[in-house]
Amino acid sequence: MAERRMPVEINHKLCKGCGLCVHVCPKNVLEMVEDLSVWMGTTAKVVRPEDCIRCKMCEDICPDFAINVVDVGVEITFEDSQGNLITKSK
Amino acid sequence: MAVDYTKYLRMDKMPLYWCPGCGDGIVLKCYLEAIDELGWSKDDCAMVSGIGCAARVTGYVDFHTLHTIHGRAIAVAVGIKMSHPDKHVFVFGGDGDLVHIGGNHLLHACRRNVDVTVVLINNWIYGMTGGQHSCTTPPGAKATTAPRGSFEPTIDVCKMAIGAGAGYVARGFAGDPTRLKKLIKEGLEYKGFSLIDVFSPCPINFGRRNKLGDPAKLLEHMKSFLVSSAKAKRMSEEELKGKFITGVLHKDTEKPELTEAYKSIVEKAQASDEYWAKYVKGTLSESDKNKITREELKKLYPYDVETPLKQWKKL
């Protein structure tokens, strides 16, 4: 049974909305959104999780320890941008 | 998650104090990954920092940490290393802290080749104190104290450290974390003084004044100044003018390390003290005489000590 979690997880308590993760992502998984409920006003959001190839470039560049990416090979189940449940291992 | 950062961070101090897009967090992350790969215990590590944005690192990492006065971080770190040679001592600091104000300490730590790892976060400005221009601000860039552009010549920190005799000198870039992690790991493993000069963006105090407020834009701007060491070999000197070479710039494996040299001189001095104590008591055996030669003793004590000792013994 695959674990139910997203391939990229963003901790919105730590994210300051600098936009570096959006800049480095090769597959355009992330996007900057305005969200007044977070402390800096803007935050990064995972909008196309099914495109993620788990290269960890966003995790490496994030200066605020806010992003976690699941290791390649771990099978997980998540909801994609259309709202369908899909299972992927890489 | 490959590395558990929470193991090395004081999570009650989070979120980090730095501005959005500051490169200091990236450098800290690379550094924690390098420590994790080496497998060092937290109790064996000591970190010292001075004043500045980069120096706030000591508040977040869960090692033995010390936050000292402006520019004097290396002086304190050398003291810690000399009294505890088995511990790993690191220094974090900015360019204004370690090069501009504490430049003298940096030079003499390079000369002595003491086993301290210095991670110098070079953001081309005094970030915390309000954006004054420093010795690494590129000519023409605006700062609070240079509203019409900086007009002073700059200093190349790596060339200065190589000239002063540092064992390991490397330059990294915060926009390239994978390579930066390798450089930091090599510097931590090296026995001797290692300096890693990291180019890191300061989007608020440097970027905003130079119309580079977007962190991604500033990262690309900094990248245009950098050339990798492999590429630099194929370039002529004219092309390299105004560019900075990244990678390992200098590695000297033969230079003696200061704490080891100090240990050997302490052993020599203690052996000769023992010899003289036995000589005075008259319990000197033949094997003791072979431990240290008369010529070595004369080098350690250049004064004539034998004649007064003999006279004292007669009394």
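Select Ile74(B) and show its surroundings. Leaving out residues up to four places away in sequence, Ile74(B) touches Val91(B), Leu98(B), Gly102(B), His105(B), Leu106(B), Ala109(B), Val116(B) and Val118(B); a contact here means C-beta atoms, placed from the backbone, within 7 Å. The model is predicted, so to speak of local features pLDDT must be at least 70, side-chain atom pairs count only at pLDDT 80 or more, and totals for chains, interfaces and linings use all residues. Residues are numbered from 1 along each chain as its sequence is written, while chains are lettered from A and ligands numbered from 1 in the order in which they are written.

Buried means 20 or more other C-beta atoms within 10 Å of a residue's own, exposed means 12 or fewer, and partly exposed lies in between.

Now select residues 24–38 and 177–189 of chain B. These are helices H1 and H7, whose axes come within 8 Å and cross at roughly 50°. Helices are DSSP runs (H or I, at least four residues), strands likewise (E, at least two), numbered from the N terminus. Axes are lines fitted to C-alpha atoms, for helices over the stretch in contact, with angles from 0 to 180 degrees between N-to-C directions. H1(B) and H7(B) are therefore oblique to each other; angles under 35 degrees are roughly parallel, over 145 roughly antiparallel, 65 to 115 roughly perpendicular, and the rest oblique. Residues of H1(B) in the contact include Ile26(B), Cys30(B) and Tyr31(B), and those of H7(B) include Pro177(B), Leu180(B) and Ile184(B).

Zoom out to chain B. Chain B holds 14 helices and ten strands, and its C-alpha trace spans about 85 × 50 × 35 Å along the principal axes. Of its 315 residues, 40% are buried.

Then show both chains. Their contact takes 16 residues from chain A and 19 residues from chain B. On the chain A side, helices H1 (20–24) and H2 (57–61) each supply at least two residues.

Finish at Pro26(A), in the loop between H1 and strand E3 (30–34) of chain A. Pro26(A) counts as exposed because it has 10 C-beta neighbours inside 10 Å. Not counting residues up to four places away in sequence, Pro26(A) touches Cys55(A) and Met57(A).

Key
Contact = placed C-beta atoms within 7 Å.
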